[in-house]
Amino acid sequence: MTQQIPSTEPELSGVRNFRDVGGLPTADGRRVRHGVLFRSGHLAHATDEDAAFLDSLGLHTIFDFRNASDQKLEGPDVELPGVRNVNLPLSDPADGSEFWKMVRDGEIEQLREILGDGKAANRMIASYRTIVTQRTAEHSRVLHALAEDSVPALMHCAAGKDRAGLSIAVTLLALGVEREAIVADYLESNAKHRRYKVRRSDSSSAGYSPEVMELLSPLFDARAEYLTAAFDTVEETWGSVDAYLEQGLGITPEIRERLRERLLD
């Protein structure tokens, strides 16, 4: 299929946080190719027009990092003809399900207890560190697939911020993209039109009061400290990015070169 890459970011009605990762610079002066690597929030609410746009990208593979709880809450991705869908949960379905129920349904006193005094941000930092160290098999599978045949590819989770953000970051590290550029792309998830829509069971003003939203904000923000914690964990655990890729993910120099051939200009 002929790729029809738009010159400007599309306005998708039912898909949040979509963007092409193309254009990011590598340390050796190259750039990520446009039209080969995309990221977004989930595709469960994609409209017919959204699906037609996604279909025009000529995608080979969609990597969905949501777990069973996410899929039950939001629904399955829209089906795109001829596209391979790979579900690689980056968090256990039971992990935190009660916590997220509290986020949706909890009273202000409960939210203060579980999120206040820095607890929300600390939870996010711990989650990023855990994904880096405990989901090496999943990230290895993604990078091997990209090196073999799985491009153009779209990576997403629920909001397209954390699990997809980390997976995109790992891919960009393997390509040699400059660290500052990786963080800058990650922080673009904070744009108002990209942010995940918080849904609370109490739809009254009390349910979305300024204090409630402030307590919830660390969970729905993209914060540099979260991604930096992941990078620090790589260094602390493996000693370097190169060692992480080769020892942690099984990505040899030859596979990295294939990745660069497929994804870089």
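# Helix packing, aromatic pairs and backbone exceptions

Helix α6 (residues 136–148) packs against α12 at an angle of about 60 degrees, with the two axes 8 Å apart. The model is predicted: local features need pLDDT of at least 70, side-chain atom pairs count only at pLDDT 80 or more, and totals for chains, interfaces and linings use all residues. Residues are numbered from 1 along each chain as its sequence is written, and side-chain values use heavy atoms, with hydrogens and water left out. Helices (H or I, at least four residues) and strands (E, at least two) are DSSP runs, numbered from the N terminus.

**Helix α6 against α12**

- Axes here are lines fitted to C-alpha atoms, for helices over the stretch in contact, and angles run from 0 to 180 degrees between N-to-C directions.
- α6 and α12 are therefore oblique to each other. Angles under 35 degrees count as roughly parallel, over 145 as roughly antiparallel, 65 to 115 as roughly perpendicular and the rest as oblique.
- The crossing of α6 past α12 is left-handed. That term applies if the near helix is turned anticlockwise from the far one by less than a right angle; clockwise is right-handed.
- From α6, Leu143, His144, Leu146, Ala147 and Glu148 take part; they meet Ile255, Arg258, Leu259, Arg262 and Leu263 of α12. Contact means heavy atoms within 4.5 Å.
- The residues of this α6 and α12 contact comprise six nonpolar, one polar and three charged. Ala, Val, Leu, Ile, Met, Phe, Trp, Tyr, Cys and Pro count as nonpolar, Asp, Glu, Lys and Arg as charged, and the others, Gly among them, as polar.

**Arg260 in α12**

- Arg260 sits in helix α12 (residues 253–263).
- Arg260 counts as buried, because its relative accessibility is 18%. Buried means under 20% relative accessible area, exposed over 50%, partly exposed in between (1.4 Å probe, protein chains only).
- Leaving out residues up to four places away in sequence, Arg260 touches Arg30, Ala174 and Leu175.

**Helix α8 and its surroundings**

- The axes of α7 and α8 come within 10 Å and cross at roughly 160 degrees. α7 is therefore roughly antiparallel to α8.
- The α7 and α8 crossing is right-handed.
- Ile168, Ala169, Leu172 and Leu173 of α7 make the contact with Arg179, Ile182 and Asp185 of α8.
- The residues of this α7 and α8 contact divide into five nonpolar, no polar and two charged.
- Buried residues in helix α8 (residues 179–187) are Ala181, Ile182, Val183, Asp185 and Tyr186.
- The cover over the buried residues of α8 includes β1, β2, α5 (119–134), α7 (163–175) and α10 (224–238).

**Aromatic pairs**

- Rings of Phe, Tyr and Trp (its six-membered ring) pair if their centres lie within 6.5 Å; planes under 30 degrees apart count as stacked, over 60 as edge-to-face and the rest as tilted.
- By this rule there are five aromatic pairs.
- Phe18 and Phe38 are stacked, because their ring centres are 5.6 Å apart and their planes are at 20 degrees.
- This pair links distant parts of the chain, 20 residues apart: Phe18 is in the segment before β1 (19–20), and Phe38 is in strand β2 (residues 37–40).
- Phe18 is buried at 5% relative accessible area, and Phe38 is buried at 1%.
- Trp238 and Tyr244 form a tilted pair, because their ring centres are 4.8 Å apart and their planes are at 55 degrees. Trp238 and Tyr244 are both buried.
- Phe18, Phe38 and Phe53 belong to one aromatic cluster.

**Backbone exceptions**

- Most residues other than glycine have a negative phi, and most peptide bonds are trans.
- Asn17 has a positive phi, near 65 degrees, and is not a glycine. Asn17 lies in the segment before β1 and is buried, with a relative accessible area of 2%.
- Asp117, also not a glycine, has a positive phi of about 55 degrees. Asp117 lies in the loop between α4 (108–115) and α5 and is exposed, with a relative accessible area of 79%.
- Val151 and Pro152 are joined by a cis peptide bond, with omega about 0 degrees. Pro152 is in the loop between α6 and β5 (153–156).

**An exposed loop residue**

- Asp95 is in the loop between β4 (84–87) and α3 (97–105). Asp95 is exposed, with a relative accessible area of 53%.
- Asp95 and Leu146 lie 51 residues apart in sequence and 28 Å apart in space, C-alpha to C-alpha.
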